[in-house]
Amino acid sequence: MATDFASAEMQFHRFFSLLVELACAEKAISACHELRMDGQIRIKPGAELSIVEGIISEFSAIRNFSERTTRTFVELSLLLRNMVRAMNESASRGELFQISSALPPREPGEFLLHVTSKLSQAVEFVATSHDTFRSIGFKFCLDDCEVLSVQQQRSINTLVRISRHPVSWVISYVGSSFESSETFIAQQPLTDADRRVRSLDDRKEDDFKELCEAVVSLRLLFSISPEARPNLNEFEVQKFFSLSSRLRTRSINETIALMVAKSFNPIAKRLSDASARVRELLSLKCPSDKGTASCKRSVRLPR
């Protein structure tokens, strides 16, 4: 019984880890295509066709998910997205065993390492300061990982444990549920040599503010089309969205007042009238005895 359970766990790890690898590989391939179109990287002539052909040759079963010949990065990205969709649909229907026979056989982590290694060897990052090139690595960021199950966390931990250049990971989560170091490799848990845990709870308020500004800056910057996007250095990107310059204030009350003033919602109008009435009453001078103010009045505020 224990052997059957262990076998089922390992089958789950193989399925889930492949799902993660496919999604990450698709992001890496799409990023290379987009960066090349933007002139940020170079790819050697004929390398794209060779890379795609090599990936499909090494993992030939991925042809099961496409009816057309796959030759380019764009076509391979579409193929990998179709695989992810098919696997998610099978998982939701409880048909893992039916689709498993169509998936490419491989060891966990092998597919993503193969794809990124091929890309890293062929892609050259165009340096801006000198006429030189440097090879690239791929850092995959997984957000909201607190929603994962224990087995899914173990699978991610295993991918982190066995990863090597050009693959690295950033795992983001809320709470302490992901601090387990258990993997699917016997006697090989995650250690400090495999990961570095950084708690945002320990950051000072100003440091956390800078982090939030940097995240918003990147999201806003890359929401702009490449043609209209300003060419900024690393420091300028971090300050692209500055709370002090964009909002002019960090007071929550002033921010709410601005939102209410610009809102067309009737509730906002009633709130504005009520606050004006309160300010009016607070500004009244009440008669006092012996220097002590006492003022009892009936106040009717707008509903």
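These legends accompany close-up views of a predicted model.

**View 1**
Welcome to the predicted model. The protein has 303 residues, and 30% of them are buried. Its secondary structure comprises 11 helices and seven strands. Of the contacts in the protein with a separation of 6 or more, 67% are made by residues 24 or more positions apart.

**View 2. Strands E4 and E5 run side by side in a parallel pair.**
Here you can follow E4, which spans residues 138-142, next to E5, which spans residues 167-171. Five bridges join the two strands.

**View 3. Leu142 sits in strand E4.**
Is Leu142 buried or exposed? Its relative accessible area is 18%, and because the cut-off for buried is under 20%, Leu142 counts as buried. Look across to E5 and you will find Ile171, the bridge partner of Leu142 in that strand. Which residues does Leu142 touch, once neighbours within four places in sequence are set aside? The contacts are Ile156, Trp169, Val170, Ile171 and Ser172. Val170 is 28 residues away along the chain, yet its C-alpha atom and that of Leu142 are separated by 6.2 Å.

What is the form of the peptide bond from His165 to Pro166? This bond is cis, with omega near 15°.

**View 4. Gln187 lies in the loop between E5 and H7.**
Take a moment over the backbone here: Gln187 has a positive phi of about 60° and is not a glycine. Buried or exposed, how does Gln187 score? With a relative accessible area of 79%, Gln187 is exposed, since the cut-off for that class is over 50%.

**View 5. Helices H2 and H5 pack in a roughly antiparallel arrangement.**
This view pairs H2, residues 47-58, with H5, residues 110-122. Their axes come within 10 Å and cross at roughly 165°. Angles over 145 degrees count as roughly antiparallel, and H2 and H5 therefore fall into that class. The crossing of H2 past H5 is right-handed. Which residues meet where the helices face each other? From H2 come Ala47, Ile51, Gly54, Ile55 and Glu58. On the H5 side, look for Phe111, His114, Val115, Lys118, Leu119 and Ala122.

**View 6. Glu213 is a buried residue of helix H7.**
Our last stop is H7, residues 205-221, where Glu213 is found. The relative accessible area of Glu213 is 2%, so this residue is buried. What surrounds Glu213, apart from neighbours within four places in sequence? Glu213 is in contact with Gln238, Lys239, Phe241, Ser242, Leu243 and Ser244.

Notes
Residues numbered from 1 in each chain as written. Predicted model: local features only at pLDDT ≥ 70, side-chain atom pairs only at ≥ 80, totals over all residues. Heavy atoms only, no water. Helix = DSSP H or I, 4+ residues; strand = E, 2+ residues; numbered from the N terminus. Buried < 20%, exposed > 50% of the residue type's maximum accessible area, 1.4 Å probe, protein only. Contact = heavy atoms within 4.5 Å. Pairing = 2+ DSSP bridges. Axes fitted to C-alpha atoms, helices over the stretch in contact; angles between N-to-C directions. Parallel < 35°, antiparallel > 145°, perpendicular 65-115°, else oblique. Left-handed = near helix turned anticlockwise from the far one by under 90°.
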